[in-house]
Amino acid sequence: MLTSKVRHDFIPASLAVWIQDLVSKATHPTPELRFQSMQEFLEAIESKHVSYIFERSRIQAHALATKAEKFLAQKRVATSAKCITQALHICPDCVSALIAGGRHNLFIHHIPEAKEQFDKALLLNPRANIQKELGWLCLESENYPQAISLLTDHLQRNAADYEAFNLLLECFYRTERYEIGFQVAKLMVDTGTPSSCFLNNYLLFAALQSAADQEAILKVIENGKTGTPFLGYNINALRIVPPEKLKSVLLFENYRFGLPSKRQNVVTIENNGKRREFAEQLISVGRSTENSLCFGDTNVSRWHCVIVNVYDDVWIYDLDSTLGMTVDGIRVDRKAYLDGVCTVKIGSTTIRVCPKAGLLL
């Protein structure tokens, strides 16, 4: 009975269509969408018709939300944000616009804003299909048991959602459940997925298990000769970083970073009036000479941070450094999205980072 109520599929098809409409509205799971008075119910019975209210503004807002989702998939973050802002201005209670806003904020790691928009969407429509997004939100909020529960449930119904699989792997990685993570990552590698992230993340689990799987590590290293930047970075870390520091230096790869792309990006970094351009996908920064960018400042950790350089998707990751870092005066909690020219303070060293060619430092 409960399942039928939630699915709202208990109305006999043998009834006249107008009666099906009437019963459907009278028993809707969302109270706000039922008849709001007995007079309204009586009028529907007498007229044999359920009145529906359609708003032009809601239709326009939904169309803008759809555009925003497409722009976000293309990593056109600023354009996506404009569409969402316009949609919510036209219709503040448009559920699809709120969901698009939540996804946009998750994409750029604005977690409180994402939670606020998802909460509003669920208040308006408790049946909104956003379990994966809620799982992702819980992951970024470090509520790992709830994240695992939501993502597992989502994957029961969407078994080929590889992005959700990688979010689940990240939960296992952060909670140091390396054995189960190793099994799931191996399944993804064997399945063959659009993103190369799974081979990289498989390597991390193989290396960090209580009994490191040396055979698996050697196999990945052999494949890594023609592998991805993340794989190359992590293989190099395994060779030069002491075991006790390894977990903080290794990089778990986001699903979208492993998707194939022909577009190359150039990041410009300025320090003390000197500028350097970097086209590689991973730019490591620290005191060790093994880094792409080396500083002698003793307040900079040996392996301090990494800039992930993907076209229209540039991030900075803190490698559990001793003194941390800030971006435009805001302390970085694990990672930060670089949107436009930023001032980054690493230890006592300040650099300016231009995440895209054509912007002025």
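Q: In β5, which residue is the bridge partner of Ser284?
A: Strands count as paired if at least two bridges are found between them, and a single bridge names the residues that face each other. In this predicted model, the partner of Ser284 is Val306 in β5. That bridge belongs to the pairing of β5 with strand β3, residues 282-286, which is antiparallel and runs over 4 bridges.

Q: Which strand do 6 bridges join to β5, and in what sense do the two run?
A: Strand β6, residues 313-318, is joined to β5 by 6 bridges, and the two run antiparallel. Within this pairing, Val308 stands opposite Trp315 of β6. The two strands form a hairpin with 2 residues between them, and Asp312, in the turn, has a positive phi of about 60°.

Q: How many residues of strand β5 are buried?
A: A residue is called buried when its relative accessible area is under 20%. For β5, residues 305-310, this holds for 6 of the 6 residues, so the strand is largely enclosed by the rest of the structure. Each face can be read separately: Cys305, Ile307 and Asn309 lie on one side, Val306, Val308 and Val310 lie on the other, and all of them are buried, so that both faces are covered.

Q: What is the arrangement of the rings of Tyr173 and Phe252, and where in the chain do they lie?
A: Ring planes under 30 degrees apart count as stacked, those over 60 as edge-to-face, and the rest as tilted. The structure holds 9 aromatic pairs. In one of them, the rings of Tyr173 and Phe252 have centres 5.3 Å apart and planes at 35°, so this pair is tilted. The pair links distant parts of the chain, with Tyr173 in helix α10 (residues 162-174) and Phe252 in the loop between α15 and β1, 79 residues apart. Both Tyr173 and Phe252 are buried.

Q: Which arrangement do the rings of Phe182 and Tyr202 show?
A: Their centres are 4.9 Å apart and their planes stand at 20°, so this pair is stacked. Here too distant parts of the chain are linked, as Phe182 belongs to helix α11 (residues 178-191) and Tyr202 to helix α12 (residues 197-208), 20 residues apart. Phe182 and Tyr202 are both buried.

Q: Which residues do ring pairs link into a cluster, and what sits over the ring of Tyr173?
A: Ring pairs join Tyr173, Tyr178, Phe205 and Phe252 into a cluster. The charged end of Lys247 sits over the ring of Tyr173, 4.7 Å from its centre.

Q: Which residues touch the most other members of the largest nonpolar core?
A: The largest nonpolar core has 85 residues, and those touching the most other members are Phe118, Leu169, Tyr173, Phe198, Phe205, Leu251 and Val308. For Phe198, with neighbours within four places in sequence left aside, the contacts include Tyr162, Phe165, Leu169, Met188 and Tyr255. Apart from this core lies another, of 22 residues, among them Ile269, Phe278, Phe295 and Met325.

Q: How many helices and strands does the protein chain have, and what percentage of its residues is buried?
A: The chain has 15 helices and 11 strands, and buried residues make up 47% of its 361 residues. Its C-alpha atoms fill a box of roughly 85 × 50 × 35 Å along the principal axes. The accessible surface comes to about 19200 Å², of which 54% belongs to carbon and sulfur atoms.

Methods: Residues are numbered from 1 along each chain as its sequence is written. This is a predicted model: local features need pLDDT of at least 70, side-chain atom pairs count only at pLDDT 80 or more; totals for chains, interfaces and linings use all residues. Side-chain values use heavy atoms; hydrogens and water are left out. Buried means under 20% relative accessible area, exposed over 50%, partly exposed in between (1.4 Å probe, protein chains only). Rings of Phe, Tyr and Trp (its six-membered ring) pair if their centres lie within 6.5 Å; planes under 30 degrees apart count as stacked, over 60 as edge-to-face and the rest as tilted. A charge sits over a ring if NZ of Lys or CZ of Arg is within 6 Å of the ring centre and within 35 degrees of the ring normal. Accessible areas come from the Shrake-Rupley method with a 1.4 Å probe; for residues, only the protein chains shown count as cover. A nonpolar core is a set of buried Ala, Val, Leu, Ile, Met, Phe, Trp, Tyr and Cys residues joined through side-chain atoms within 4.5 Å. Contact means heavy atoms within 4.5 Å.
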